[in-house]
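Please take a moment with the sequence and the model below before reading on.

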Amino acid sequence: MTRHGLSIRDKLFEHRQIDHITKCWLWTLSCNKSGHGFIHIGLKKELVHRVAWRKFVGPIKELICHKRECPNPNCFNPEHLYDGNYYTNAQDRKVVGTYKNNITPYIRKRKCANLAFHQSC
């Protein structure tokens, strides 16, 4: 349960906006400096894409990374995520141009388009 009594699944669905072009599930609440959404579960703050993975796919074996086809850090669509590790995550970020906080124009454009939906980004 979340702080407001909703189930985790309900909160994830209540606060998502679906991008019909990319099929990304965009988190409409708070996100961190790198653009990843976060959610409070009890007293713990967690990254939304990790919560979505556990809810819709299963336990996390290693760090969850975004696929290269989906460079949007705000996306939590389980179909856009895969089981990875720090090395594969760094390699993917180099390919899409987000390595060392070098956010690509695509991500910057997507984030700007969605700022109206965020409480704090």
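What follows begins with the aromatic rings and ends with the charged side chains.

This is a predicted model, in which local features need pLDDT of at least 70 and side-chain atom pairs count only at pLDDT 80 or more, while totals for chains, interfaces and linings use all residues. Residues are numbered from 1 along each chain as its sequence is written, and side-chain values use heavy atoms, with hydrogens and water left out.

The structure holds 5 aromatic pairs, where rings of Phe, Tyr and Trp (its six-membered ring) pair if their centres lie within 6.5 Å, and planes under 30 degrees apart count as stacked, over 60 as edge-to-face and the rest as tilted. One of these pairs is made by F13 and F56, which are stacked, with 5.5 Å from centre to centre and 25° between the planes. This pair links distant parts of the chain, since F13 lies in helix α1 (residues 8-14) and F56 in helix α2 (residues 48-56), 43 residues apart; helices (H or I, at least four residues) and strands (E, at least two) are DSSP runs, numbered from the N terminus. F13 has a relative accessible area of 25% and is partly exposed, and F56, at 31%, also counts as partly exposed, given that buried means under 20% relative accessible area, exposed over 50% and partly exposed in between (1.4 Å probe, protein chains only).

W25 and F76 form another aromatic pair, which is edge-to-face, with 5.6 Å between the centres and 75° between the planes. Here too distant parts of the chain are linked, with W25 in strand β2 (residues 25-27) and F76 in the loop between β5 (64-66) and β6 (81-83), 51 residues apart. W25 is buried, with a relative accessible area of 15%, and F76 is buried as well, with a value of 0%. Ring pairs join F13, W25, W27, F56 and F76 into a cluster.

The ring of W25 also has a charge over it, as the charged end of R16 sits there, 4.5 Å from the ring centre; a charge sits over a ring if NZ of Lys or CZ of Arg is within 6 Å of the ring centre and within 35 degrees of the ring normal. In a further case, the charged end of K45 sits over the ring of F38, 4.3 Å from its centre.

How many salt bridges does a search of the whole structure find? The search finds 1 salt bridge, that is, a side-chain nitrogen of Lys or Arg within 4 Å of a carboxyl oxygen of Asp or Glu. The side chains of E46 and R54 meet in it, at 2.3 Å from N to O. E46 is buried, with a relative accessible area of 14%, whereas R54 is partly exposed, with 35%.
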